2 protein chains.
Amino acid sequence: MSKKILIIGAVALGPKVACRLRRLDPNAEITLIDKDELISYGGCGIPYYIGGDIPELKGLYSTIAHQIRDTKFFLKNKRVNVLTQTKALSINRSEKKLLVQYLKNNKQENLEYDKLVIATGATPVRPPLPGADLPNVFVLSNLHHAKNIKKIISNGKVENAVVIGAGAIGIEMAEALTDLWGIKTTLIEMADQVLPTALGRNISKILEKELKNNNVTVLTSEKVLQINGNIKTGVESIQTTSSNIPCNMVILAVGVRPNSELAANAGLALGTNKGIFVNQLMQTTDPDIYAGGDCVEITNLVNGQSTLMPLGSLANRQGRIIATNINGECEHFKGTVGTFCIKVFNMGFAKTGLTVNQAKNSGFDPVYSIVTQSDRAHFYPDSKFMYMKLIADRKTQKILGVEACGQQGDSVKARVDAVAPLLQFNATVSDITTIETGYAPPYASAMDIINNAGNCLDNTIKGSHKPIDVIDFLRKFKNRKIKVLDVRSNIQAAPFVKKYGDIWINIPQNEVLDKLDKIPANEPLYILCGSGPRSYEIQVLLASKGITNTRNIQGGYGMVLAVQGPLI
Amino acid sequence: MSKKILIIGAVALGPKVACRLRRLDPNAEITLIDKDELISYGGCGIPYYIGGDIPELKGLYSTIAHQIRDTKFFLKNKRVNVLTQTKALSINRSEKKLLVQYLKNNKQENLEYDKLVIATGATPVRPPLPGADLPNVFVLSNLHHAKNIKKIISNGKVENAVVIGAGAIGIEMAEALTDLWGIKTTLIEMADQVLPTALGRNISKILEKELKNNNVTVLTSEKVLQINGNIKTGVESIQTTSSNIPCNMVILAVGVRPNSELAANAGLALGTNKGIFVNQLMQTTDPDIYAGGDCVEITNLVNGQSTLMPLGSLANRQGRIIATNINGECEHFKGTVGTFCIKVFNMGFAKTGLTVNQAKNSGFDPVYSIVTQSDRAHFYPDSKFMYMKLIADRKTQKILGVEACGQQGDSVKARVDAVAPLLQFNATVSDITTIETGYAPPYASAMDIINNAGNCLDNTIKGSHKPIDVIDFLRKFKNRKIKVLDVRSNIQAAPFVKKYGDIWINIPQNEVLDKLDKIPANEPLYILCGSGPRSYEIQVLLASKGITNTRNIQGGYGMVLAVQGPLI
């Protein structure tokens, strides 16, 4: 007799399980259930549909061969039955039945299963703000939201928009609204930086600057108190702790919570973050029930903690494993290393592993390097600066994370993706100093930025490199209580010396040894060059002459420009 | 007393050792020796100088801050002494002395050392061809060659050029000559494909097509017999086994051999390929003599064999390790996984590990997948096809190599670099199916091409996927003795059916189940779709109906187009 497989949820993981299982078992009875009528779509593409990169909504639920992925498609091409507009109400585990309700006629029915898959996804959080239910206040997680938002925008009715929450979706939406539609957009974030769970402060500062450079108003450390407006004409303004911002549209992008009620009500265990608990086989606490995608918790392989990681890419990988295991094999999903990337206007950002704060909170003693370097051989014409932060545990030298950004996004991704798969193998700083990635002048330097980030971290851990984070430097510099030793050429440094007088000392690298007497030996000295290596050499040289109260400004003036802009 | 360090060779590894050592040890006496007067240059940039991407030769020996890296630069900035035009003649190991000759005045001198570093590089092979010494027959390994070549080209005296050897340098030179200068260029390779030591036949076929599409004449399996010309006016033509090719210039790019004579004459051991033997500390058989860069052999970490890998990137990594170890620490250079990338006109190519043939010759039983897939989410506007080959050992499932190419080179590099660092950790197919790289629609698909290459290989190893390599398919198809089952839409397939008649059967994927009677069950059937997944699904479906004599054309029609071009 053929196996009956029920799959609740038909967006990402659900269809993946169904299609893979069909290929493994030609006879299984496979049924996908979804409360919506739109299924199997690329939800991550929604901001690009709204921003106009993807002209039609159906682009998000078509195959590469332009077939629409609907009920008929699944039936004819995949021999998978899909019940749309069908809600899963409860699971009877002892009888192995799922009670569903057909939303068209409200009838209920018990469906039998041999194996059940829960792929119920996550729901955007609607914060309990006064006015959060006003017209033109949107959340964004499915194609209906997408259609509604694009409709009112394309009617030209939105002049000012506010996006609440500077996570990935909030940022992508801020870009979509500003870039194509020219809507004056304000992005509000409660934390003190954008992308607070993905990036540390340096790279996130560059991201924030890129948003601002492209006319997005960014407010961090800002709390929304109330959404003002009226129930007929919709939202009119946002009241925050510091200001009142007029707007015709609000996007709530403060995060998602896993849809785990169905599982919880059936007595299945949840994890520490209220996602469904699964083992490495992607089984819930009932071995006949699998779960995956945005509704489950998985293990962060860097700190061992249970985490939510709602990403379509992970859902797809888990889906394949669930199908394999339903078919009687034994494949493991070990967890996530937290790899992430995002395009923001003209820059790409990528990270993997933990941020410095996350590392501290996980009990590590993080130490990091920051490197500014060309993404191609520096003599190659279209080379651009890339910025990288590499984080390791001081004691074990285990690599904990890496963050990077630059104008050529694929090139940024190449560096972070090279480190990401190593994290689960407990790679150390030494593995990064010698990491062997592809080298040719149009794509990389002979000593690539990854290697140099490793070298720099190695020097820091061993004590020869005493760095200061550029953000800490800029804070100190603001008070003008410190001295800068600028080892760039006279021509480059002259305007700084002119502006800042005797707190800005310029001695080009090759003159330092001859002018040691001009270098203050007893007060903190912050050494600067274009991107960091020359100032490091001078730090080492000064140390050999007994001048040790120095700090090397990590990433040099290139990093100053990237996080803040010119000092002159 | 300060340590005396002598370093022979001042191009890539030598300067790296010197500068790193200076930072570690402010007091060491560090001397670089080179027979040339031009030092510390990016040799890999030479083709881009000749091709015009780099306008001036000094771009190759300047720092990113536009400082010329000459003797004075090293003395003032690095406190490293450089003896140019100085030839190392012999090493007296028992007395720890190096005999050198100053080429300016031919005087000889014995220099003392505590530690010696051999960084003598490699020399281009001049094959023993009649005419190889004629004027305008060049090899290409240093800046003098580069200057000479660019001089005669820019005088407009070269209409036709022949490049002998389709390795990386030969290919880059063919592009440089054709692209900027419009020189009619012929690239001749003795092996049956371009880049024979780096790529397998599929991806190399795409590279060959890209060269041809850009007006380079490519001749493979072609042996050069003689270079014709006269000693006054220079080269006139090349005689090969099949033709006589008129030309005014010849570039010999048939490979390099390690400069290991000095070491050998001093009694230091060489490896199996006549490179200097070193241990993981980069020490020769004399613990006071280190060696690195193009003159040494290193371990290929995939097959354990000793190999030559003349790349500036590896030289730099080794240089840092040598300096660290001279300073009394203990860093290891484990070896190479053979990562490589190259830009060829409008495409990027990258690989790591072994090719199928190299894997066979190393005693593995290689099995591979070939995948055609978009490099971004397929709905994202500028997505382009990428082509990937993933190779594993059938028994152990250990990943042996990956090759890829596509129009967005950084994006190609991102995929290969994600796999490369895993090779030394003995990653298996299962690690690739779940490899976690960055996902966002502008940069990748939710199920990335790497994961799909892993999935496809997993299906092949487990037996559900029975592939045929597109090159084998095309060979069989040439004889018209096989039948194709085209499961694309009627519209797409119609011109093929019209042209090829009853050997080209078109049944769209969703009609196959209803038209099983139209499918020949007893003769070999080659299933085709746009890129491979639909044809795989149909192969599985047919198998469940007892039709098992089928092969899935790997990479689909997209791969046919890439390696050969349209069939209609």
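## Two chains and the contact between them

In this predicted model, the contact between the two chains draws 74 residues from chain A and 74 residues from chain B. On the side of chain A that touches chain B, at least two residues each are supplied by α3 (71-78), α8 (312-326), β22 (340-344), β23 (347-353), α10 (409-419), α11 (429-433), α12 (449-462) and α15 (533-544) of chain A. The largest share of that side, 8 residues, comes from α10(A). The table sorts the residues on the side of chain A that touches chain B by class.

| Class | Residues of chain A touching chain B |
|---|---|
| Nonpolar | 36 residues |
| Polar | 27 residues |

The same surface serves both copies, since 99% of the contact residues of chain A recur in chain B.

A sheet in chain B can be described strand by strand. Strands of a sheet pair through backbone hydrogen bonds, and the pairing can be either parallel or antiparallel. In chain B, 5 strands form an open sheet with parallel pairing, in the order β27-β31-β30-β28-β29. Its edge strands are β27 (467-468) and β29 (504-506) of chain B, each of which pairs on one side only. Within this order, strand β30 (residues 525-528) of chain B runs parallel to strand β31 (residues 550-553) of chain B, and 3 bridges join the two. Across this pair, B:I527 stands opposite B:N552 in β31(B).

Terms used: Residues are numbered from 1 along each chain as its sequence is written. Chains are lettered from A and ligands numbered from 1 in the order in which they are written. This is a predicted model: local features need pLDDT of at least 70, side-chain atom pairs count only at pLDDT 80 or more; totals for chains, interfaces and linings use all residues. Two residues are in contact if their C-beta atoms, placed from the backbone, lie within 7 Å. Helices (H or I, at least four residues) and strands (E, at least two) are DSSP runs, numbered from the N terminus. Ala, Val, Leu, Ile, Met, Phe, Trp, Tyr, Cys and Pro count as nonpolar, Asp, Glu, Lys and Arg as charged, and the others, Gly among them, as polar. Two strands pair if DSSP finds at least two bridges between them.
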